[in-house]
Number of protein chains: 2
Amino acid sequence: MEKIRIGIVGYGNIGRGVELAIARNEDMELKAVFTRRDPSSVKIHTEGAAVRRMDDMASMKDEIDVMVLCGGSATDLPVMGPEIAASFNTIDSFDTHARIPEYFGNVDKAAKEGGKISIISVGWDPGMFSLNRLYAESILPQGSTCTFWGKGVSQGHSDAIRRVKGVKNGIQYTVPIEAAVERVRSGSGPELTTREKHLRECYVVPEDGADLQAITKAIQTMPNYFDEYDTTVTFITEEELKEKHGKMPHGGFVIRSGETGEEGNRHIIEYSLKLDSNPEFTASVLICYARAAYRLAKAGQTGARTVFDIAPGLLSMKTPEELRAGLL
Amino acid sequence: MEKIRIGIVGYGNIGRGVELAIARNEDMELKAVFTRRDPSSVKIHTEGAAVRRMDDMASMKDEIDVMVLCGGSATDLPVMGPEIAASFNTIDSFDTHARIPEYFGNVDKAAKEGGKISIISVGWDPGMFSLNRLYAESILPQGSTCTFWGKGVSQGHSDAIRRVKGVKNGIQYTVPIEAAVERVRSGSGPELTTREKHLRECYVVPEDGADLQAITKAIQTMPNYFDEYDTTVTFITEEELKEKHGKMPHGGFVIRSGETGEEGNRHIIEYSLKLDSNPEFTASVLICYARAAYRLAKAGQTGARTVFDIAPGLLSMKTPEELRAGLL
């Protein structure tokens, strides 16, 4: 079998997850990892794959079918996305919801000019959760959709904690409030405030002699991040942090409640994820969309796409015949 | 707005559900219902829509964009599906899993020759459940998927009960066994037998003087339908049946448990439905796939498709721009 040749751009948590996911998909192989660091300092696990500098990409133009972009959405992808899309088929997990239309436009232009295909904002939210919002709303146009996240680690909120004065280290869990989930599941279509949907639990390692009350107050009143939530702050040691909070679990729920007919029959559609490792799961989604990008590129398609544009069958290793016979 | 003009073929539970679903989708209108019965005896609810004989279809060839075929899978669709696909774009809910490849082939040939598009096996299983099996397996190739149905009424099993000697009327509920669902959800990947996954609950109205023990035994030992399950038989009156068992609820779960990485991180993907009305929900799925068929036909595509081939964005009333800005 001819394998799909993957390149990874950026070797952080997601990049490593992509490498691990490739090893679990027999129709793919990792060709190279591109990094901003000194390549000799980056140890990857795949035999035979190269580690190269970011600016060495062009030299591998004919050896890579799809580049999986594993940079951050704040500053990396807005630049990197359109740039690389001009020369390679790409997949990314751009997740700044508000800037998706602008980002889509930039990538679309670059990919079309380069004759390449790019699937943006792939993962679980945006990604699988978006798909489920779309399917559920299309089936039940009259109704309401509610998304809950967690229990899981939010990188953005953990970073925000670590910027507070007196904080040495810390981690933040977003926790869906079970009573709110149950109210949505019951189909009563409740109007929920931000505070009613999620709790924020912070585990903080203080610096020696830090003012713990001041830290707690600074976190709980932080605008945009914590002030609209009920937030708990628990102080722990560096050892406890490593021991009990070293994993990156996550998950959540998309629940749509809607009605049909004249008598208002109610229906609940629920999609949920419970993930041991957020980056490994996200990487696994990226990799199956890389397969779709490969197939679309082979079919001569160009430009930007999102998960909404991708026929589900393109994600599978199986043939359309196998899918109809075995999974339909 | 130019509306999508829908025809309904067969006016049973699903056909009526499709009529109700059209009323809830403002970009659609019902043009005609085609029936085997005497059209003057069929009362529909949509003003301005026609009721015609099955063999009058050809006369409305230019007035209908998509025909929704609401016949049964056992005898109606295998004949009707390819026949109508030759002249109209069609949607159906063909659900005899084992015969899907053959049915697909016949419809594909007819639709291609007629220059039409047909989406087969649309609904929730096959349909939304199939999609979720596909997405989950593509993301987590190493793992196991388990589908549970219910609690809900099975028409096939209810019909089987009613054929038993001494039975005047009856209904059968398929009930997922909660302990089995929990074992699958826990991610332990259990091997479950048919008996461990579902119960079958039968509510039977006996004929006067019937042998109740004989009825119970006949049901519980019936091959293919009940012998592999724990089946309860409860005798009730015709009034009770009407009062307590007049609705057609259904639902179920598709749960995939799989692992990623080298340390075997576990992930659970779950999709569930809880439906007040099985036929109305199925009809709502059919209707949003009719929208996709309309768009594909406009784009000049022909032949048979399944839900696996349909890009999710095609199902929505919203434009791609609206979807990216609002749902991604």
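This is a predicted model: local features need pLDDT of at least 70, side-chain atom pairs count only at pLDDT 80 or more; totals for chains, interfaces and linings use all residues.
**View 1. Chain A, its overall build.** Chain A holds 11 helices and 14 strands.

**View 2. Chain A, burial and contacts.** Of the 328 residues in chain A, 57% are buried. Now take the contacts in chain A between residues at least 6 apart in sequence: 68% of these join residues at least 24 apart.

**View 3. Helices α1 and α10 of chain B, their geometry.** Two packed helices are described by the angle and the distance between their axes. Here helix α1 (residues 13–23) of chain B packs against helix α10 (residues 278–298) of chain B at about 60°, with the axes 8 Å apart. The two helices α1(B) and α10(B) are therefore oblique to each other. Their crossing is right-handed.

**View 4. Helices α1 and α10 of chain B, the residues that meet.** Which residues of α1(B) meet α10(B)? From α1(B) come B:N13, B:I14, B:G17, B:V18, B:L20, B:A21 and B:I22. Facing them in α10(B) are B:P279, B:E280, B:T282, B:A283, B:S284, B:L286 and B:I287. Sorted by type, the residues of this contact are 9 nonpolar, 4 polar and 1 charged.

How values were computed
Residues are numbered from 1 along each chain as its sequence is written. Chains are lettered from A and ligands numbered from 1 in the order in which they are written. Side-chain values use heavy atoms; hydrogens and water are left out. Axes are lines fitted to C-alpha atoms, for helices over the stretch in contact, and angles run from 0 to 180 degrees between N-to-C directions. Helices (H or I, at least four residues) and strands (E, at least two) are DSSP runs, numbered from the N terminus. Angles under 35 degrees count as roughly parallel, over 145 as roughly antiparallel, 65 to 115 as roughly perpendicular and the rest as oblique. A crossing is left-handed if the near helix is turned anticlockwise from the far one by less than a right angle, and right-handed if clockwise. Contact means heavy atoms within 4.5 Å. Ala, Val, Leu, Ile, Met, Phe, Trp, Tyr, Cys and Pro count as nonpolar, Asp, Glu, Lys and Arg as charged, and the others, Gly among them, as polar. Buried means under 20% relative accessible area, exposed over 50%, partly exposed in between (1.4 Å probe, protein chains only).
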